[in-house]
Amino acid sequence: MKFFIDTANLDQIREAQNMGILDGVTTNPSLMAKEKITGRNNILKHYVDICNIVDGDVSAEVIATDFEGMVKEGEELAELHDQIVVKIPMIKEGVKAIKYFTDHGIRTNCTLVFSAGQALLAAKAGATYVSPFIGRLDDISTDGLELIADIRLIYDNFGFETQILAASIRHTMHIVNCAKIGADVITGPLSSIEGLLKHPLTDSGLKQFLADHKRGN
Ligand code: G3P
């Protein structure tokens, strides 16, 4: 399973990269705004900065919502760096744009996916990744993990190669459960990834080992 970090914060991206477990980065307009990255040129430069930190795929989202606009923006984003994956919203024009990019060899990440039907359409259009938002489904008392399981079943039934990128991860158990279900990728904040490290028995065990070593010497 690949680990992506869901942020536009360069320090956090470096931190995850330095752990040696990072496979890519996802961003969205809200995450860019959180880092106060504004203006088209600054945004494009920021994507290149991210690509220069990580080895893997970097999702860069289009702002346009019409087919022509998405194609124009997506082509500009894809030209920035070969690690860029164009992130397209799950709307009718978006499905058309994903198909266009598939036919032109440009990789895509279909975002804002909240149902198995939407994931089926994204795969039919040839999306490289599909991003179901599990945390936001949990927020409205719907089981986000059940959606990941449904998409896994559907994609396996027909051999769709679109990778399931579980997004809107909020905590470590989302990651563990996505791994059990068979999501291809998770993307979450640094805290959710670092949370996997934690176990009190590791801490107390290490403390004891170090104390015993000191006494033995
Ligand atoms: O990048 C998309 C997704 O991961 C957003 O997560 O926490 O805003 O629901 P969140």
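A residue is termed buried when its relative accessible area is under 20%, exposed when that value is over 50%, and partly exposed in between. The structure examined with these terms is a predicted model.

The annotated position comes first. The UniProt record, an unreviewed entry, places the feature "active site" at Lys87. This residue belongs to strand 4, which spans residues 84–89. Lys87 has a relative accessibility of 4% and therefore counts as buried.

The same terms apply to the aromatic residues. A pair of aromatic rings is described by the distance of the centres and the angle of the planes. The structure holds six such aromatic pairs. One of them joins Phe4 and Tyr129 in an edge-to-face arrangement, with 5.7 Å from centre to centre and 70° between the planes. This pair links distant parts of the chain, since Phe4 sits in strand 1 (residues 2–6) and Tyr129 in strand 6 (residues 129–132), 125 residues apart. Both Phe4 and Tyr129 are buried.

Another aromatic pair is formed by Phe158 and Phe160, whose rings are tilted, at 6.2 Å centre to centre and 50° between the planes. Phe158 has 61% relative accessibility and so counts as exposed. Phe160, at 22% relative accessibility, therefore counts as partly exposed. Elsewhere, ring pairs connect Phe67, Tyr100 and Phe101 into a cluster.

Attention now turns to the empty space in the model. Rolling a probe the size of a water molecule over the atoms shows where such space is left. The largest pocket has a volume of about 410 Å³. It is lined by 21 residues, and those closest to its centre are Asp6, Asn28, Leu31, Lys34 and Pro189. Helix 2, covering residues 29–34, gives the most to the lining of the largest pocket, contributing three residues. By residue class, the lining of this pocket comprises six nonpolar, nine polar and six charged residues.

The last element to consider is helix 11, which runs through residues 200–216 and has 17 residues. From its first C-alpha to its last, helix 11 reaches 24 Å, close to the 24 Å expected at 1.5 Å a residue. How many of the 17 residues of helix 11 are buried? The number is zero, so helix 11 lies largely in the open.

Methods. Residues numbered from 1 in each chain as written. Predicted model: local features only at pLDDT ≥ 70, side-chain atom pairs only at ≥ 80, totals over all residues. Heavy atoms only, no water. 1 Å grid on protein atoms, 1.4 Å probe; cavity = no way out; pocket = protein on both sides within 12 Å on 5 of 7 lines; lining within 4 Å. Points joined across faces, edges and corners; volume = space filled by probe spheres on them. Helix = DSSP H or I, 4+ residues; strand = E, 2+ residues; numbered from the N terminus. Nonpolar A, V, L, I, M, F, W, Y, C, P; charged D, E, K, R; others polar. Phe/Tyr/Trp six-rings, centres within 6.5 Å; stacked < 30°, edge-to-face > 60°. Buried < 20%, exposed > 50% of the residue type's maximum accessible area, 1.4 Å probe, protein only. Expected span 1.5 Å × (residues − 1). UniProt positions renumbered as here; feature names shortened; annotations may be inferred.
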